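Me: I have a model open and would like to talk it through with you. Could you show it, and then take my questions one by one?

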Amino acid sequence: VLERFRELRGIFDYLIVDTSPTANLLHSAIYSATDAILYPTRLEEWSFVGLNKVIARLKVANAVRNSYDLPDIEVIGIVPTMAKMRTVLHQVNMEKLREAFGTEMVLDPLSSRTVWAEAASSYVMLYAFDPGSVAASEVWRVVDHVEGVKRGA
C-alpha cells in the first residue's frame, strides 16, 4: 500500500482515503503515508465514541512516526456529516463537539440531504448529478477549508 501511495506523489495535490472507523492494517499504512487527517463524524453519541478512539490511535501512530523521524500527522478538522441541524439532538451534539475540540477544529456540518442518495442511486458523483445543489456547495466549503489549511491560509 505504501508503495502505491508513493507512486501517486506529485500527481495529485490531495489524496482522500475514506476508511471504516474500525482499525485494520490499512489504517497503519495510511498513518504511515499521510500528512493530514480530516475526521468525519455523525452528530450522535456512538460516533463520538468512535471519533475518540481514532484520535487515540492517531496518538499512537504519531509516536511510531516520530521514532522514524517523521512529523506528527496534522488534524485539519472534524466535519460532522449527515447532520439534521433542525433537531435539538444534533444542535446539542454540535455544541458538545465544538466544546470538546474547539470551534476552529469543527467545521460546519454537511447536512443530510436526499440528493446524496439520488446521486448514489444514479451512480453519478454529486458534482455531476446536481452541481448547483446546497449539498455540493457544502462539500466545496470543506474542500476550500482543506486547501486553505494546506496552503497555510
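Me: What pLDDT does the protein average?
Reply: Happy to start there, since this is a predicted model. Of the residues, 97% score at least 70. Averaged over the protein, the pLDDT is 89.

Me: Which helix has the lowest confidence in the protein?
Reply: Confidence is highest in helix 4, residues 88-101, with a mean of 97. At the other end, a mean of 71 belongs to residues 2-8. Where pLDDT is low, the coordinates should not be read in detail. The element with the lowest confidence is helix 1.

Me: Let's turn to pockets. How much space lies in the second largest pocket?
Reply: Its lining is made up of 13 residues. Those nearest the centre of this pocket are S28, Y31, S32, A61 and V64. The space in the second largest pocket is about 190 Å³.

Me: Which helix gives the largest share of the lining of the second largest pocket?
Reply: Helix 2 (25-33) and helix 3 (45-67) each supply at least two residues of that lining. The largest share is five residues. Those five come from helix 3.

Me: By class, how many residues in the lining of the second largest pocket are nonpolar?
Reply: Two of the lining residues are charged and four are polar. The nonpolar residues in the lining number seven.

Me: Which residues of helix 2 are buried?
Reply: Buried means under 20% relative accessible area. In an α-helix, residues three or four places apart point the same way, because there are 3.6 residues a turn. In helix 2 the buried residues are H27, A29, I30 and Y31.

Me: Is N62 buried or exposed?
Reply: N62 sits in helix 3. Its relative accessible area is 10%, and the limit for the buried class is under 20%. N62 is therefore buried.

Me: Which backbone nitrogen does the side chain of N62 reach?
Reply: Leaving aside neighbours within four places in sequence, N62 is in contact with P71, D72 and I73. The side chain of N62 reaches a backbone nitrogen at 2.7 Å. That nitrogen is the one of I73.

Me: What is the phi of D69?
Reply: D69 lies in the loop between helix 3 and strand 2 (74-81). With a relative accessibility of 73%, D69 counts as exposed. Most residues other than glycine have a negative phi. D69 is not a glycine, yet its phi is positive, at about 60°.

Me: And where is M82 placed?
Reply: M82 also has a positive phi in a residue other than glycine, near 50°. At 43% relative accessibility, M82 counts as partly exposed. The place of M82 is in the loop between strand 2 and helix 4.

Me: Which residues is S112 in contact with, leaving aside its neighbours within four places in sequence?
Reply: S112 is found in the loop between helix 4 and helix 5 (114-121). S112 is partly exposed, at 39% relative accessible area. Its contacts beyond those neighbours are M82, A83 and K84.

Me: What separates the C-alpha atoms of D18 and Y39?
Reply: D18 is in the loop between helix 1 and helix 2. With a relative accessible area of 69%, D18 is exposed. D18 and Y39 are 21 residues apart along the chain. Their C-alpha atoms are separated by 9.6 Å.

Methods. Residues are numbered from 1 along each chain as its sequence is written. This is a predicted model: local features need pLDDT of at least 70, side-chain atom pairs count only at pLDDT 80 or more; totals for chains, interfaces and linings use all residues. Side-chain values use heavy atoms; hydrogens and water are left out. On a 1 Å grid over the protein atoms alone, a cavity is a set of points where a 1.4 Å probe fits but cannot get out, and a pocket is an open set with protein on both sides within 12 Å along at least five of seven lines; lining residues have an atom within 4 Å of a point. Grid points are joined across faces, edges and corners, and a volume is the space filled by probe spheres set on the points. Helices (H or I, at least four residues) and strands (E, at least two) are DSSP runs, numbered from the N terminus. Ala, Val, Leu, Ile, Met, Phe, Trp, Tyr, Cys and Pro count as nonpolar, Asp, Glu, Lys and Arg as charged, and the others, Gly among them, as polar. pLDDT is the predictor's confidence in each residue, from 0 to 100. Buried means under 20% relative accessible area, exposed over 50%, partly exposed in between (1.4 Å probe, protein chains only). A polar contact is a pair of N or O atoms within 3.5 Å; within protein, one must be able to donate a hydrogen and the other to accept it, and residues adjacent in sequence count only if both atoms are side-chain atoms. Contact means heavy atoms within 4.5 Å.
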